[in-house]
Amino acid sequence: MPFPSDSKPDSQVEALIEKERTRQTTGLQLIASENFTSPAVMRATGSVLTNKYSEGYPGKRYYGGNAVVDEIEAIAIDRVKQLFGADHANVQPHSGASANMAVYQAMLKPGDVVLGLSLDHGGHLTHGSPVNASGIFYDFRSYKVGVNDERIDFDEVRRLAHEHRPRMIVAGTTSYPRRIEPEPFKKIADEVGAYMMFDIAHLAGLVAGGAHPNPVPFADVVTFTTHKTLRGPRGGCILSTKQHAQAIDKAVFPGQQGGPLEHAVAAKAVAFLEALQPEFREYAHQIVKNAAALAEALAMRGFRLVSGGTDTHMMVVDLRPFDAELTGKEAQAVLDTAGITLNKNTVPNDPRSPFVTSGVRIGTPSVTTQGMREGEMSTIADFIVTTLKGRNDPAIIAEVRAKVAALCAAFPAYR
Ligand SMILES: *Cc1c(COP(=O)(O)O)cnc(C)c1O
């Protein structure tokens, strides 16, 4: 009896997976970093490749039996290089965080000064949070968004770069709704002799689809996650110039990781091919159009949008003008009961703590994958307003919950 799980299925976990599928497909998924990946991507993720050890790189593995895996990883590398026009790609990082740590290990020494966007202004944990390895091993200094326009202020980035003389400048954000031009970062990095890294974790799908500028021609290194706007499996990827190729490969393995997740690498290859199709360009542009429509609908209903709007797949919504008493924490909780999933988020210079917050972050990648367009965005804005206004009335919340389920049934993520 080699497979006990075959004779006695794990009904407990399977039932929970079914329950999660129901949650995902009957509610609105508005978390900006999430998406629905394709059945083909999920087939690769759930394939026999999970059984294989492949430490090393195509043609240079530590174990035998890697001829097929070599072909798969080489395809993933070729496709992602083509997608972004990169000279070198490493497709093995288990996540966006692992990709960033590998880049730091490849290009920095512990204690080196790095300049990145402040976390409470939209930067990521791996851009120098004191509780993250990036902040523990490297000396991160941060730039903030402007007080008035809430946008990255390149005069300020330049001033801080000349003051702190970083070895690396990190561009890229986790909750910043505006287009980011890569050229000014490159120019400032050159002025102070710093490397430039652009972390497009959130933006990768928009860049691939031509809806956001591609930083690859400007940056020394570009990192991203494959599971956000790019719509692939959970994972990370690093692109770089030829100059840094060897150091980056060494930093990923054996520097940071052991055996790669080749089932995830195969799924990345599938997702890269999907992103190379002309339809993906349309998809990426529709994500942005939907975000703009939702942002406008919310602004018309009394919310304030951080930076005044969005150019990307996401918006940060300041709840205070809508309802001074309403916190991001409470909004997240009550919207969840109405089947609307999003996350609380600080607004720049938020008087409330990161656990409470005065805002929420909303993203449109998942609903766009479901085929929703601008018209559905104003319906969603109405659902949000009705829920928040009726937050003490269970009947109102139940009514919205039913309408949300009906909308999702009309736009199924999986047929
Ligand atoms: C999501 C994100 C990451 C980390 O990705 P994980 O796969 O969760 O580790 C890194 N950088 C930025 C800017 C992100 O938004």
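In a left-handed crossing (the near helix turned anticlockwise from the far one by less than a right angle; clockwise would be right-handed), helix H15 passes helix H16. Helices here are DSSP runs of H or I with at least four residues, strands are DSSP runs of E with at least two, and both are numbered from the N terminus. The model is predicted: local features need pLDDT of at least 70, side-chain atom pairs count only at pLDDT 80 or more, and totals for chains, interfaces and linings use all residues. Residues are numbered from 1 along each chain as its sequence is written, and side-chain values use heavy atoms, with hydrogens and water left out.

**Helix pairs**

H15 covers residues 374-389 and H16 covers residues 394-410; they pack at an angle of about 160°, and their axes are 9 Å apart. Axes are lines fitted to C-alpha atoms, for helices over the stretch in contact, and angles between N-to-C directions run from 0 to 180 degrees. H15 and H16 are therefore roughly antiparallel (over 145 degrees; under 35 is roughly parallel, 65 to 115 roughly perpendicular, and the rest oblique). On the H15 side, the contact (heavy atoms within 4.5 Å) involves Glu376, Ile380, Phe383, Thr386 and Thr387. H16 contributes Ile396, Ile397, Val400, Lys403, Val404 and Leu407. Sorted by class, the contact of H15 with H16 holds seven nonpolar, two polar and two charged residues. The nonpolar class is Ala, Val, Leu, Ile, Met, Phe, Trp, Tyr, Cys and Pro, the charged class is Asp, Glu, Lys and Arg, and the others, Gly among them, are polar.

A second pair is formed by helix H5 (residues 96-107) and H10, packed at an angle of about 120° with their axes 8 Å apart. This angle makes H5 oblique to H10. The crossing of H5 past H10 is right-handed. H5 takes part through Met101, Ala102, Gln105, Ala106 and Met107, and H10 through His244, Ala247, Ile248, Ala251, Val252, Gly255 and Gln256. In the contact of H5 with H10, eight residues are nonpolar, four are polar and none is charged.

H10 spans residues 242-256 and contains Pro254. The peptide bond between Phe253 and Pro254 is cis, with omega about 10°. Most peptide bonds are trans, and most residues other than glycine have a negative phi.

**Strands**

Four strands form an open sheet in the order E11-E12-E15-E14, with antiparallel pairing. Two strands count as paired if DSSP finds at least two bridges between them. E11 (304-305) and E14 (343-345) are at the edges with a single partner strand each, so one side of each has no neighbour in the sheet. Helix H12 (residues 278-300) packs on this sheet and touches E11, E12 and E15 (359-363); its direction makes about 15° with that of E12. Two bridges connect E11 with E12 (residues 314-318), and the two strands run antiparallel. Arg304 has Asp318 of E12 as its bridge partner.

Strand E7 (residues 168-171) is joined to strand E5 (residues 113-117) by two bridges, and the two run parallel. Val114 has Met168 of E7 as its bridge partner. E7 also runs parallel to strand E8 (residues 195-199), with four bridges between them. In E8, Phe198 stands opposite Ala171. From E7, Met168 and Val170 point one way, Ile169 and Ala171 point the other way, and all are buried. Buried means under 20% relative accessible area, exposed means over 50%, and partly exposed lies in between (1.4 Å probe, protein chains only).

**Selected buried residues**

The table lists four residues with their locations and relative accessible areas.

| Residue | Location | Relative accessible area |
|---|---|---|
| Ser307 | loop between E11 and E12 | 9% |
| Thr357 | loop between E14 and E15 | 1% |
| Thr387 | helix H15 | 0% |
| Glu73 | helix H4 (residues 67-84) | 1% |

Ser307 is not a glycine, but its phi is positive, about 70°. Thr357, also a residue other than glycine, has a positive phi near 65°.

With neighbours within four places in sequence left aside, Thr387 is in contact with Val334, Leu335, Ala338, Ile340, Ile397 and Val400. Glu73 and Val131 are separated by 58 residues in sequence and by 33 Å in space, C-alpha to C-alpha.
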